[in-house]
Amino acid sequence: TGRAAFHGLTALLRRRQMACDPRLVDAAADPTRSAKREAFLELARQLKEEGRRALVFSGFRQLLELWRGDLDAEGITYEYLDGTTSDRDARVHRFQTGTAPLFLISLKAGGTGLNLTAADTVIHVDPWWNPAVEEQATDRAHRMGQTRSVTVYRLVAEGTVEEKITRLKARKKDLADAVVREDQGALRGLSESDV
């Protein structure tokens, strides 16, 4: 029924949020209990130290807001963009011409119209169901004028629903590639339900 599907989607959303940072589900949760938060902060420190620049994408605007506070506490500068940002062009310009090592961007706000060649790193904080959405976000750094190679990190919490999403996306990509290439051999090993 519709009600059961709604409850199932809500439970799935909560599990995805818990995999990112427990504070998304319980504001009183201890932030140090998030392995992903710790991995992100360690990566942010390293990027800053190496003078590198990164685009940080998440589907959870609230997660980016929480991590902004963590970055402020660490003294790591950043630019920020989500769907409510009114001075979008100014923030993009500041990142492109400035020295902030990070640009935190919600996936919905960062999908189109951004040329961010100052970045040499892309960090996907949480897996998105549709691989094309992540690829489109990554392409913000792979634009005309980019002279360096771009490193892409995907932060996936082991043993969580995120790991299952990542495996599902890989299977979907393999299937799509096989269909596009019309490679029947690549379809071996797929069950009828996969197809």
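Mentor: First, a term we'll need: helices here are DSSP runs of H or I with at least four residues, numbered from the N terminus. And keep in mind that this is a predicted model.

Trainee: Got it. Which helices each supply at least two residues of the lining of the second largest pocket?
Mentor: That pocket holds about 170 Å³ of space. Of its 13 lining residues, those closest to the centre are Pro-131, Glu-134, Arg-154, Thr-166 and Lys-169. The helices that each give at least two lining residues are H5 (131-138) and H6 (161-181).

Trainee: And which helix has the largest share of that lining?
Mentor: The contribution to look for is four residues of the second largest pocket's lining. The helix that supplies them is H6.

Trainee: How many charged residues does the lining of the second largest pocket have?
Mentor: Lys, Arg, Asp and Glu are the ones that count as charged. Set aside the five nonpolar and two polar residues of this lining. The charged ones number six.

Trainee: Now the largest pocket. Which helix gives the most to its lining?
Mentor: This pocket has about 230 Å³ of space. Helices H1 (2-20) and H2 (35-50) each bring at least two residues to the lining. The top contributor, with four residues, is H1.

Trainee: How many residues in the lining of the largest pocket are nonpolar?
Mentor: There are 14 lining residues, with Met-18, Ala-19, Ala-35, Lys-36 and Ala-157 nearest the centre. Two of the lining residues are polar and three are charged. The nonpolar count is nine.

Technical notes: Residues numbered from 1 in each chain as written. Predicted model: local features only at pLDDT ≥ 70, side-chain atom pairs only at ≥ 80, totals over all residues. Heavy atoms only, no water. 1 Å grid on protein atoms, 1.4 Å probe; cavity = no way out; pocket = protein on both sides within 12 Å on 5 of 7 lines; lining within 4 Å. Points joined across faces, edges and corners; volume = space filled by probe spheres on them.
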